Amino acid sequence: MQAAALRRHLLDQHHLSPASSAAFSAFRSAALAPQGLGGADGARHMSARAPAVKGAGHLVRKGTGGRSSVSGIVATVFGATGFLGRYVVQQLAKMGSQVLVPFRGCEDSHRHLKLMGDLGQIVPMKYNPRDVNSIKASVAKSNVVINLIGREFETRNYGFEEVNHNMAEQLAMISKEHGGIVRFIQVSALGASASSPSRLLQAKAAGEESVLKEFPEATIMRPATLIGTEDRILNRWAMYAKNWGFLPLVGGGSTKIQPVYVVDVAAAIVNSLKDDGTSMGKTYELGGPDVYTIRDLAELMFETIREWPRYVNLPFPIARAIATPRELLLNKVPFPLPTPSNFNLDQINALSVDNLVSEDALTFADLEIKPHKLKGYPTEFLVCYRKGGPSFGSTVSEKMGSADVAPRF
């Protein structure tokens, strides 16, 4: 109404001709149209768009790219405040995407994400994962939904089945009913199977099945153990070794895993949005280039923090006996129990079998990504655990190769 009054005032003052007024109206309607795929009329009318179809064309708009450009992606990233979430948000934002960040914690839980995009591109939204209306509000203006919600241990309020299965199913159902969600990406876990000894991996497998049932065009990502600055494996090991002088190895550390750099997984998720729809309806297993035993990975950790490796081998029955009391008391005491770190019963059960990428699975190569080797930059964050500072224990050759040390001849 204010714009109409202004236009009438300008016409009365003979500052705008009728032709100029029509051009002004056209410009105003175009400028106020919500951003989306192909300049649609807004999120509330997105159901009129064509549904997601394989090979329907590239989702990302052509352009110069960069955080100040417009990629055409308006993505709601559930679980964005977690470990993997910050890297997914960063890669989406730096290409000019608008990212909606639903959060259920305090107002500070998302503040580190605001810096990753241009002004107004990172939009925090308070939501309740058990409230359907708040979920619908979170995806109302989006054309992409990425589900990173997961929990590696149970609490009094949230169990494996609800977090990893029911919530994923609900998000897929709401996204399908929305009508304008072009891509849905479900992040599961490597080794997800109904026959897994891990209840977490069983719930992840059920979540995958439900998502594909509700949203058949969804893309499933199965990352292996994630390694990075905020990871929950090397950081915990290093802290435990610093505090106690040794590291317990469940089952002697003989279980084989295929850990992967978290940045590579985030890049795989974003690359799947850049294709012409070929990744829709497919499942990708994202493992690192090298296979490690748990002991090998611990050796890499000790080598990086410059500590002499000391281990205590724990047979599986003893490890389960240490971790079981928390599970038994979880819903029987009137107060929250400590978060399990090195002795998580479900993770101990998962370590009873090897967890590797399948031979016939789609991998990083199918998304045109070459994953990083762990030794080197991906594990450099562990230098903060060196007792004498980052340069503690450096060899002569390492010092000679550093930029701040001049070579001597």
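# A question-and-answer tour of the model

Reader: Hi! Let's start with a cysteine: what is the relative accessible area of cysteine 106?
Author: Happy to start there, with the reminder that this is a predicted model. Cysteine 106 counts as partly exposed because its relative accessible area is 48%.

Reader: And cysteine 384: buried or exposed?
Author: The cut-off for exposed is over 50% relative accessible area. Cysteine 384 reaches 58% relative accessibility, so the class of this residue is exposed.

Reader: With those cysteines in mind, how many disulfides does the structure hold?
Author: A disulfide is a covalent bond between the sulfur atoms of two cysteines. The pair counts if the sulfur atoms lie within 2.5 Å. For this structure the number of disulfides is zero.

Reader: Let's go to the strands. Which residue of E4 stands opposite phenylalanine 78?
Author: Strand E1, residues 74-78, pairs with E4 in the parallel sense, over four bridges. In E4, Val144 and Ile146 point one way while Val145 and Asn147 point the other way, and all are buried. Opposite phenylalanine 78 stands asparagine 147.

Reader: Which helix does the chain pass through in crossing from E4 to E5?
Author: E4 and strand E5 (residues 183-187) also pair in the parallel sense over four bridges, and isoleucine 146 stands opposite isoleucine 185 in E5. The β-α-β crossover that links E4 to E5 is right-handed. Its helix covers residues 160-178 and is H6.

Reader: How many of the five residues of E5 are buried?
Author: Take the two faces in turn. On one side sit Arg183, Ile185 and Val187, on the other Phe184 and Gln186, and all are buried. E5 is therefore largely enclosed by the rest of the structure, and the count of its buried residues is five.

Reader: Which residue of E5 is the bridge partner of valine 144?
Author: Valine 144 belongs to the E4 residues that are buried, and it points the way Ile146 does. Its bridge partner in E5 is arginine 183.

Reader: Through which helix does the chain cross from E5 to E6?
Author: E5 pairs with strand E6, residues 219-223, in the parallel sense over three bridges. Glutamine 186 stands opposite isoleucine 220 in E6. The crossover here is a right-handed β-α-β one, and the helix, residues 199-214, is H7.

Reader: How many of the eleven residues of helix H3 are buried?
Author: The buried residues of H3 are Phe83, Leu84, Gly85, Tyr87, Val88, Val89, Gln91, Leu92 and Ala93. H3 (residues 83-93) is largely enclosed by the rest of the structure, because its number of buried residues is nine.

Reader: On to backbone angles. What is the phi of arginine 306?
Author: Arginine 306 lies in the loop between helix H10 (294-305) and strand E13 (311-314). At 23% relative accessibility, this arginine counts as partly exposed. Although arginine 306 is not a glycine, its phi is positive, at about 60°.

Reader: What about glutamate 368: buried or exposed?
Author: Glutamate 368 also has a positive phi of about 60° without being a glycine. Its loop runs between helix H12 (345-350) and helix H13 (396-401). With a relative accessible area of 74%, glutamate 368 is exposed.

Reader: What distance separates the C-alpha atoms of lysine 387 and arginine 306?
Author: Lysine 387 is found in the loop between H12 and H13. It counts as exposed, with 59% relative accessibility. Along the chain lysine 387 and arginine 306 are 81 residues apart, yet their C-alpha atoms are separated by 8.4 Å.

Reader: Last one: how far apart in space are threonine 255 and tyrosine 292, C-alpha to C-alpha?
Author: Threonine 255 sits in the loop between strand E8 (247-250) and strand E9 (256-257). At 7% relative accessibility, threonine 255 counts as buried. Threonine 255 and tyrosine 292 are 37 residues apart in sequence, and their C-alpha to C-alpha distance is 8.3 Å.

Definitions and conventions. Residues numbered from 1 in each chain as written. Predicted model: local features only at pLDDT ≥ 70, side-chain atom pairs only at ≥ 80, totals over all residues. Heavy atoms only, no water. Buried < 20%, exposed > 50% of the residue type's maximum accessible area, 1.4 Å probe, protein only. Helix = DSSP H or I, 4+ residues; strand = E, 2+ residues; numbered from the N terminus. Pairing = 2+ DSSP bridges. Right-handed = clockwise from strand over helix to strand, strands pointing away.
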